[in-house]
Amino acid sequence: MYIKEEKLKEILVASGLVSDKSFDSAKAEAFRSGQSITNVLIGREEITEDYLIELLAPYAEVPIVDLKKVVISGETLSLLPEAYVKNKGAVVFEYNKDAGTAKIAMLNPLDLETVNFISHKLDVWLEVYLTSSASLSFVFKQYRKTIGTSFNQIIDESIKQSVTLSGNTDLTRMAEAIPIVSILDSVLENAITMNASDIHFEPLPKKLLIRYRVDGIMQEILSLPKDISPILIARVKILAGMQIDEHRIPQDGRFHFNLEQGSKVDIRVNIMPVLNGEKVEMRLLKSSAKPLSLIDLGINEALEKTILTEIKKPHGMILVTGPTGHGKTTTLYSILHILNTSKVNITTIEDPIEYEVVSINQTQVNTKAGVTFANGLRALLRQNPDIIMIGEIRDNETADIAVHSALTGHLLLSSLHTNDAPSAIPRLLDMGTMPFLLSSTLNLVIAQRLVRKICSSCVASYKLTSFQKEAVSKQLALFGANTKKKAQLVPKEAYHGKGCKVCEGTGFSGQIGIFEIMAINDHIRSLITDSIPANQIRKAAMAGGMTSMFEDGLEKVGRGLTTIDEILRVTSE
């Protein structure tokens with residue numbers, strides 16, 4: 001909601017949650033990063049969006065509504081087009097034609113122009129409510145429930161029209177008849193609405209299957225006629241700057257997709273030839289309106305304190321490890337946001353650049369132009385950086401330069417593919433890093449996985465089954481917990497989602513990280529110097545107070561954030 005800066009400061013300071021100094025600091029950061037002051041404050045966790053709305057509602061003189069708790073009929077939803085709802089941040093959630101009244105939920109109830117337009121369009125008297133962006137996003141999912149049916153109807157009619165005009169299913173005529181741009185845009189918008197991380201176009205013998213990865217799990221969304229597969233893929237190639245007539249080799253590209261509300265999503269594309277045609281994989285990289293804090297990621301206060309202590313050191317190496325798609329880059333960017341001040345020069349080399357960050361110098365790997373991680377990193381060292389971020393340490397040369405960079409007065413952040421934190425050490429040694437150099441430079445290793453969060457609207461408790469208790473005990477033993485510790489950690493009660501309209505019956509909504517954070521102390525440094533195996537390093541780290549990833553997951557189970565089955569699923573892989 002738009003509100004004058006002076007009034008916003010007055011309201012927030014009066015609440016007691018934000019001080020004058022903190023507001024002015026947020027104002028300066030907002031100007032520097034191109035964000036709003038409220039987003040900066042929410043990102044710092046000085047205030048939540050829900051409480052902010054409670055503070056602003058009296059100023060706007062309107063009540064608050066949570067659209068997740070409101071049942072909106074299809075007829076009411078259709079009163080305003082989805083594009084208009086997204087653009088204006090306003091939706092009708094209750095409509096009484098006979099009485100000539102309606103209720104609308106708005107992100108900015110002070111937008112009188114929109115209020116007057118909707119009132120005249122529907123010819124009703126409007127009662128205006130204030131809502132949050134998360135609440136409004138829930139409504140967008142309801143617009144998309146008929147996506148498959150509507151697409152197939154449009155395509156079938158277009159193909160029939162094409163055949164009628166030409167007497168055959170000529171691809172050129174089909175391309176002209178089928179609204180392929182609208183179809184692709186709708187697929188992208190639907191994926192963004194569902195918070196999907198990836199979109200897959202999978203050619204099968206008789207159809208084109210479209211699947212999304214939502215909260216780490218693949219979901220079938222719809223299937224389209226096989227005939228439009230080459231047209232749809234050609235459209236993706238054009239947007240991503242690929243060769244349209246190349247079908248034999250894999251291609252990579254990227255493009256921006258602009259949303260109605262003014263924001264944009266960066267989409268990374270890979271197209272691979274497969275048995276029945278070409279498979280498309282699109283990774284959706286959404287630039288968050290506010291940077292995620294470490295607490296937002298799922299890191300508790302004790303572990304956050306450890307990270308903040310290590311990243312304040314002027315030099316050394318900090319590594320984030322885990323499988324592909326488990327949030328390593330997001331964690332690195334969260335750390336960069338903390339470090340990103342006017343007093344330091346931060347430079348990165350990435351493949352690809354996943355998020356654009358104001359005031360950070362970001363370089364894209366380009367092998368065709370000769371820019372690799374290794375020689376790009378050499379060039380970065382001549383740019384007088386204080387902090388360097390390498391997207392990933394992939395080879396011996398990059399590992400060697402990274403270690404020497406950390407040794408010569410730079411703070412270096414990077415990611416690595418290992419199963420847990422201690423395994424990062426033998427992985428770097430296998431890459432040819434000298435043990436004495438690694439022990440001198442490595443400060444911190446963060447290992448992580450993403451698990452699905454239980455839907456807060458339908459969470460319920462239950463008693464663990466004997467099978468679950470046994471599985472938890474076995475997994476704790478694998479992570480080095482003794483009998484006494486196992487007895488303390490196995491929860492007597494757990495939680496799950498029963499399934500509701502908010503989570504569309506899945507019982508889950510969103511993801512959260514589980515972490516294993518290993519700070520390198522003197523004892524571990526001596527073990528590294530002696531090239532001791534990872535299992536012994538793990539024992540030393542656990543003895544020094546490190547919490548295993550599975551134990552961190554159990555703590556989140558106890559708080560009702562995720563399920564036993566989820567942490568078993570991701571830690572048993």
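A residue counts as buried when its relative accessible area is under 20%, and as exposed when that area is over 50%. By this criterion F93 is buried, with a relative accessible area of 7%. The structure discussed here is a predicted model, and its protein chain averages a pLDDT of 85.

**Confidence of the model**

- In the protein chain, 90% of the residues score a pLDDT of at least 70.
- Confidence is highest in strand β10 (residues 316–321), with a mean of 96, and lowest in helix α10 (residues 171–177), with a mean of 52.
- Over residues 163–169 the pLDDT falls below 50; this stretch has six contacts in the model beyond near neighbours in sequence.

**Aromatic pairs**

- The structure contains two aromatic pairs.
- One of them joins Y84 and F117, whose ring centres are 5.5 Å apart; the pair is classed as tilted because the ring planes meet at 35°.
- Y84 belongs to helix α6 (residues 82–88) and F117 to helix α7 (residues 112–122), so that the pair links distant parts of the chain, 33 residues apart.
- Y84 is buried, at 17% relative accessible area, whereas F117 is partly exposed, at 45% relative accessibility.
- F93 and Y129 also form an aromatic pair, with 5.3 Å from centre to centre; an angle of 80° between the planes accompanies its edge-to-face arrangement.
- This pair likewise links distant parts of the chain, 36 residues apart: F93 lies in strand β1 (residues 90–96) and Y129 in strand β3 (residues 125–130).
- Both partners are buried, F93 with a relative accessible area of 7% and Y129 with one of 12%.

**Charge over a ring**

- The charged end of R452 sits over the ring of F508, at 4.0 Å from the ring centre.

**Cysteines**

- A disulfide is a covalent bond between the sulfur atoms of two cysteines.
- With a cut-off of 2.5 Å between cysteine sulfur atoms, the count of disulfides is zero.
- For C455, the closest cysteine sulfur is that of C500, at 3.7 Å, which is too far for a bond.
- For C503, the closest cysteine sulfur is also in C500, at 3.8 Å, and this separation is likewise too far for a bond.
- C455 counts as buried, at 1% relative accessibility, and C503 is buried as well, with a relative accessible area of 6%.

Methods: Residues are numbered from 1 along each chain as its sequence is written. This is a predicted model: local features need pLDDT of at least 70, side-chain atom pairs count only at pLDDT 80 or more; totals for chains, interfaces and linings use all residues. Side-chain values use heavy atoms; hydrogens and water are left out. pLDDT is the predictor's confidence in each residue, from 0 to 100. Helices (H or I, at least four residues) and strands (E, at least two) are DSSP runs, numbered from the N terminus. Contact means heavy atoms within 4.5 Å. Buried means under 20% relative accessible area, exposed over 50%, partly exposed in between (1.4 Å probe, protein chains only). Rings of Phe, Tyr and Trp (its six-membered ring) pair if their centres lie within 6.5 Å; planes under 30 degrees apart count as stacked, over 60 as edge-to-face and the rest as tilted. A charge sits over a ring if NZ of Lys or CZ of Arg is within 6 Å of the ring centre and within 35 degrees of the ring normal.
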